[in-house]
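Let's take a walk through this structure together, a few helices at a time. Keep the 3D view open and find each piece as it comes up.

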Amino acid sequence: MIPLTGAISLNLSLAFGILTLFVIGFYIRNDDFRLYRTGQRLSLVTSGLSLLATGVLTNELIAGNFDLDYVAHYTSNETPFMYKITALWAGQSGSMLFWLAILSVYAMVAVLQNKDKHLSLMPWVIFVTTIVQLFFLAMTNFVTNPFEPTNADFVIMNGNGLNPLLQNPTMAIHPPMLYLGYVGFTIPFAFALAALIKRDASSLWIKTVRRWTLVTWLFLGIGIILGGWWAYLELGWGGYWAWDPVENASFMPWLTGTAFVHSIIIQEKKNMLKIWNMILIIVTFTLCIFGTFLTRSGVMSSVHSFTASGLGPLFLSFVFIIMIVSFGLLYYRRADFKSEKRLESFTSRESGFLFNNVVFVVLCFAVFWGTIFPVISEAVRGTKITVGAPFFNQINIPIGLILLFLTGVGPLLAWRNTSKESLIKNFTSPIIVALLTGGVLFALNVRGNSLVALSLASFVATTILIEFWRGISARTGKFEESVFTAFIRLIQKNRSRYGGYITHLGIVLMFVGFSGHAFDIENEWGLKAGNRETVGNYEVELLKISQEERPNHYAYIADLNVYQKEDGKFVTDLHPEKRIYFHRDPNPDKRQPHSELDIYSTLVRDIYSIFTGVDPENNVGYFKIMINPLVQWVWIGSYLLVIGTVIAMWPAKRRIV
Amino acid sequence: MTWNDTILIFIIFVASAWYVIQPLMKETVLRPADEDVSQALLRQKMMLMDQIKELEMDFEVGNMDEKDYKEQRNALKRDISSLLERMKSKGK
């Protein structure tokens with residue numbers, strides 16, 4: 001009974017969504033406020049019914065109702081409870097429904113939060129949001145319905161189960177975070193379009209969506225970081241970023257979104273860059289839809305699978321419609337959104353923000369081009385020319401380093417203009433520190449991008465620390481506070497500014513972590529119990545391989561000891577595993593091997609162990625050990641990025657005017 | 001489709017429809033006051049005040065010299081004065 005309720009809730013949601021458009025449309029024409037209230041309620045019901053359908057599917061996944069094709073595909077009796085829930089976004093139709101569910105929550109929040117506010121913009125915000133909802137409702141109703149019954153003449157006793165790679169706690173959080181980011185940009189986009197339609201060139205929409213955008217941007221950032229973390233912990237190649245199309249799909253809107261969160265500050269404070277901000281939010285939202293298209297259409301594996309999927313052409317059409325309508329509207333309204341003010345000086349904070357924006361967009365274009373080039377080459381010439389990590393690194397590392405440099409420069413520039421004296425005063429110490437760092441690293445034989453990245457990192461870190469120190473000194477002098485109190489109050493009183501600095505410091509630490517990649521070392525061998533082998537400055541000894549049957553897999557567990565090569569001092573023990581999922585399946589082809597890593601992490605380096613294979617007859621284990629310097633700094637930087645952003649967006653106490 | 005299905009779906013539909021048509025059953029619905037021109041001006045004033053605060057902060061921490069600070073502060077004060085004039089004329 002229940003699955004039918006889910007399917008019909010989706011049908012009803014579609015119907016109520018269409019009705020929302022009509023009613024809001026009538027309100028816009030007739031200005032009868034009862035129609036607006038009805039439209040608001042229709043929007044809430046549309047969202048509520050989509051959420052009900054999502055709840056129903058989740059319930060079926062937990063209950064293991066294999067009468068539903070989706071449930072039979074992505075869960076089994078052995079799938080642990082948590083991963084039965086995460087199976088909601090493991091497959092195509094489920095993830096489409098999940099997209100819709102998150103959008104529905106956002107739409108409800110937007111409607112309820114602005115129930116009696118922004119009455120000129122909100123009808124259009126509801127209208128645009130509903131159109132996006134209707135697209136996903138059409139998808140889940142007609143193209144990829146998660147409530148399709150199983151296509152079998154017999155009763156299915158057990159399902160296929162979830163891909164072992166997805167059975168990881170990080171993977172349970174990563175997709176929701178990413179989706180919260182992707183989907184969240186719908187609301188700022190809807191406000192932007194509403195402002196364009198209503199010719200509202202004030203910064204009202206910017207002010208309304210600022211916090212919303214920061215939250216969304218943060219979710220997307222956390223999603224990307226968790227994706228990298230998951231890749232590092234689970235995929236067993238020793239890295240966290242491979243310029244994979246799916247990774248790029250989330251990185252592109254993050255880049256333009258980052259440019260947007262910076263440039264709205266200029267519009268808010270200086271009433272400038274109005275058209276630019278429109279372009280950025282349109283591009284960011286389009287890239288969010290495009291990212292979903294890339295990951296879900298199958299276009300990256302082949303252009304042919306894209307046309308065969310049915311989903312791909314519809315998504316691509318939607319992307320084009322968004323772009324044509326949005327940019328057409330922007331072109332039509334361009335005169336209304338021209339800025340009254342112009343940049344006064346090359347050495348102003350406004351210019352710094354604008355440079356950083358341009359670099360973000362260039363970086364995004366480079367990633368975009370590298371991502372879609374294989375598809376274009378296959379479509380045009382019939383041969384797929386793959387663009388690998390070396391291309392992305394060659395193009396993007398220099399651009400990334402320019403961005404890092406600008407991260408340090410921006411905060412030291414004053415609004416409107418920075419005098420020569422101030423420039424010299426503000427930049428002398430950071431430049432000296434950067435040169436000293438560079439010199440020391442050069443003497444330590446560090447070269448190339450790592451040398452530049454670490455020197456720039458020291459430059460930016462110095463600018464941030466100086467900013468903090470000056471702020472603290474000003475407070476201790478003025479209010480006679482202790483250094484600690486001054487530090488806390490400084491942040492409390494200027495959350496946006498110092499939260500931003502903490503975020504920047506996080507980025508600096510992440511760059512420190514990235515630069516460690518140049519010094520990675522790895523080695524692979526087959527080992528019998530008691531054998532020792534060398535990797536870098538370490539010796540690895542296999543003590544034994546034990547076996548264990550667990551509820552959803554069979555595991556070979558290695559006991560490895562790691563010693564210092566020089567003095568034989570014990571460093572750590574590692575226990576990587578070789579697992580066989582679906583090991584009870586009589587068909588050997590259905591059994592899935594999986595390497596579960598073990599990592600010993602310090603601030604200086606990670607010792608990363610992978611159990612690549614096992615020969616049970618000869619009792620030989622095959623291992624790959626990697627020494628990855630500075631990786632921890634990537635994750636520490638990520639924590640700071642999150643903390644800084646939360647501080648920056650935390651609401652300040654309301655002032656009485 | 002069983003009777004149970006039909007009843008459940010009927011309840012969902014009727015409850016949704018009932019909730020949605022409530023405003024239409026009333027003769028009129030009060031429209032809350034939206035942001036008018038004076039509120040928009042007030043918002044601009046707050047923004048300019050924030051800019052002065054930030055400018056003072058930049059000067060206090062030594063990010064800008066006194067000449068730049070005075071020049072920019074005066075410019076912002078002029079902006080606020082003209083805004084206050086506009087607010088005054090709207091108030092009349």
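Predicted model: local features only at pLDDT ≥ 70, side-chain atom pairs only at ≥ 80, totals over all residues.

Who touches whom? On the α8(A) side you'll find Ile187(A), Pro188(A), Phe191(A), Ala192(A), Ala194(A) and Ala195(A), and they meet Trp205(A), Thr208(A), Val209(A), Trp212(A) and Thr213(A) in α9(A). Sort the residues of this contact by class and you get nine nonpolar, two polar and no charged.

## A closer look at α8

Helix α8 of chain A covers residues 186-197.

Among the buried ones are Thr186(A), Phe189(A), Leu193(A) and Leu196(A). The cover over the buried residues includes α5, α6, α7, α9, α11 and α13 of chain A. Just after α8(A) comes Arg199(A), with a positive phi of about 55°.

Most residues other than glycine have a negative phi, and most peptide bonds are trans. With that in mind, check out His118(A), which is not a glycine but has a positive phi of about 50°. You'll spot His118(A) in the loop between α5 and α6 of chain A. His118(A) has 22 other C-beta atoms within 10 Å, so it is buried; the cut-off is 20 or more.

Arg416(A) is another one: its phi is near 70°, a positive value in a residue other than glycine. Arg416(A) sits in the loop between α15 and α16 of chain A. There are 21 C-beta neighbours inside 10 Å, so Arg416(A) counts as buried.

## Another pair: α14 and α15

Now look at α14 (residues 349-381) and α15 (residues 389-409) of chain A, which pack at an angle of about 165° with their axes 10 Å apart. That makes α14(A) roughly antiparallel to α15(A). The crossing of α14(A) past α15(A) is left-handed.

In α14(A), the residues that meet α15(A) include Phe355(A), Val359(A), Leu363(A) and Gly370(A). Their partners in α15(A) include Phe392(A), Ile395(A), Ile399(A) and Leu406(A). By class, this contact has 14 nonpolar, five polar and no charged residues.

## Helix α20

Helix α20 of chain A runs over residues 631-649, 19 residues in total. From first C-alpha to last, α20(A) reaches 28 Å, close to the 27 Å expected at 1.5 Å a residue.

Which residues of α20(A) are buried? They include Val631(A), Trp633(A), Gly637(A), Leu641(A), Gly644(A) and Ile647(A).

## Where the chains meet

Finally, zoom out to both chains. Here, 37 residues of chain A are in contact with 36 residues of chain B. On the chain A side, α1, α2, α10, α16 and α17 each supply at least two residues. Which helix gives the most to this side? That's α2(A), with eight residues. The residues on the side of chain A that touches chain B divide into 15 nonpolar, 12 polar and 10 charged.

Technical notes: Residues numbered from 1 in each chain as written. Chains lettered and ligands numbered in written order. Contact = placed C-beta atoms within 7 Å. Helix = DSSP H or I, 4+ residues; strand = E, 2+ residues; numbered from the N terminus. Nonpolar A, V, L, I, M, F, W, Y, C, P; charged D, E, K, R; others polar. Axes fitted to C-alpha atoms, helices over the stretch in contact; angles between N-to-C directions. Parallel < 35°, antiparallel > 145°, perpendicular 65-115°, else oblique. Left-handed = near helix turned anticlockwise from the far one by under 90°. Expected span 1.5 Å × (residues − 1). Buried ≥ 20, exposed ≤ 12 C-beta atoms within 10 Å, placed from the backbone.
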